[in-house]
Amino acid sequence: MSVDEYVYDEESGEWVSAAALAEKQAATATVEVRDSVGNLLADGDQVTLVKDLDVRGAGQTLKRGTLIKSIQLTGDAQEIDCKFDGIRGLVLRAEFVRKR
């Protein structure tokens, strides 16, 4: 006979199994990131810029239509982490990109 570990869920005010609470927290922790036209973005996707963007600190402008390869989601619903030649630590708003 196995004994489940129970923890107190402050949100509901009830004692629930630890597995159920972890599952509930994981479901609420997932953030949907959508591009400018509503497509769902995921890690590793390629995106294209829909607007010219001035990059602060780099003194460079990324032109409309520029392809950004292999994005990473940050956990924020409107920000994506990107790599681009010559620019380190590039973070773009999802409203300025379109999934390829």
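# Strands, salt bridges and a pocket

Mentor: Let's start with S10 and S11, which run antiparallel and are joined by five bridges. This is a predicted model, in which local features need pLDDT of at least 70 and side-chain atom pairs count only at pLDDT 80 or more, while totals for chains, interfaces and linings use all residues. Residues are numbered from 1 along each chain as its sequence is written, and side-chain values use heavy atoms, with hydrogens and water left out.

Trainee: What makes S10 and S11 a pair?

Mentor: Two strands pair if DSSP finds at least two bridges between them. S10 and S11 have five bridges, so they meet that rule. One example is Cys82, whose bridge partner in S11 is Leu90. The two strands form a hairpin with two residues between them, and Gly86 in the turn has a positive phi of about 85°.

Trainee: How many bridges do S9 and S10 have?

Mentor: Strand S9 (residues 72-73) and strand S10 (residues 79-84) have two bridges, in the antiparallel sense. The rule asks for at least two, so S9 and S10 count as a pair. Gln72 has Asp81 in S10 as its bridge partner. This is again a hairpin, with five residues between S9 and S10, and Gly75 in the turn has a positive phi of about 100°.

Trainee: Which strands stand at the edges of that sheet, and why are they called edges?

Mentor: The order is S9-S10-S11, an open sheet of three strands with antiparallel pairing. S9 and S11 each have a single partner strand, so one side of each is left without a neighbour in the sheet.

Trainee: What is the order of the strands in the open sheet that contains S5?

Mentor: That open sheet of three strands runs S8-S5-S12, with antiparallel pairing. S5 and S12 pair over three bridges in the antiparallel sense, and Val47 stands opposite Lys99 in S12.

Trainee: How many helices and strands does the protein chain have?

Mentor: The protein chain has one helix and twelve strands. These are DSSP runs numbered from the N terminus (helices are H or I with at least four residues, strands are E with at least two). Along the sequence, the pattern reads β-β-α-β-β-β-β-β-β-β-β-β-β.

Trainee: What makes the contact of Asp45 and Lys99 a salt bridge?

Mentor: A salt bridge is a side-chain nitrogen of Lys or Arg within 4 Å of a carboxyl oxygen of Asp or Glu. In Asp45 and Lys99 the closest N and O atoms are 3.6 Å apart, so the pair qualifies. Asp45 lies in the loop between strand S4 (40-41) and strand S5 (47-49) and Lys99 in strand S12 (residues 97-99), so the pair ties together parts that are 54 residues apart in sequence.

Trainee: Is Asp45 buried or exposed?

Mentor: Asp45 has a relative accessible area of 14%. Buried means under 20%, exposed over 50% and partly exposed in between (1.4 Å probe, protein chains only), so Asp45 is buried. Lys99, at 30%, falls in between and counts as partly exposed.

Trainee: How many salt bridges are there by this rule?

Mentor: The count comes to three. Arg34 and Glu32 form one of them, with the closest N and O atoms 3.2 Å apart. Arg34 is partly exposed at 35%, whereas Glu32 is exposed at 52%. Arg93 and Glu95 also meet in a salt bridge, at 3.1 Å from N to O. Arg93, at 35%, is partly exposed, and Glu95, at 40%, is partly exposed too.

Trainee: Which strand gives the largest share of the lining of the largest pocket?

Mentor: S11 does, with seven residues. The lining divides into eight nonpolar, one polar and five charged residues.

Note on methods. Ala, Val, Leu, Ile, Met, Phe, Trp, Tyr, Cys and Pro count as nonpolar, Asp, Glu, Lys and Arg as charged, and the others, Gly among them, as polar.
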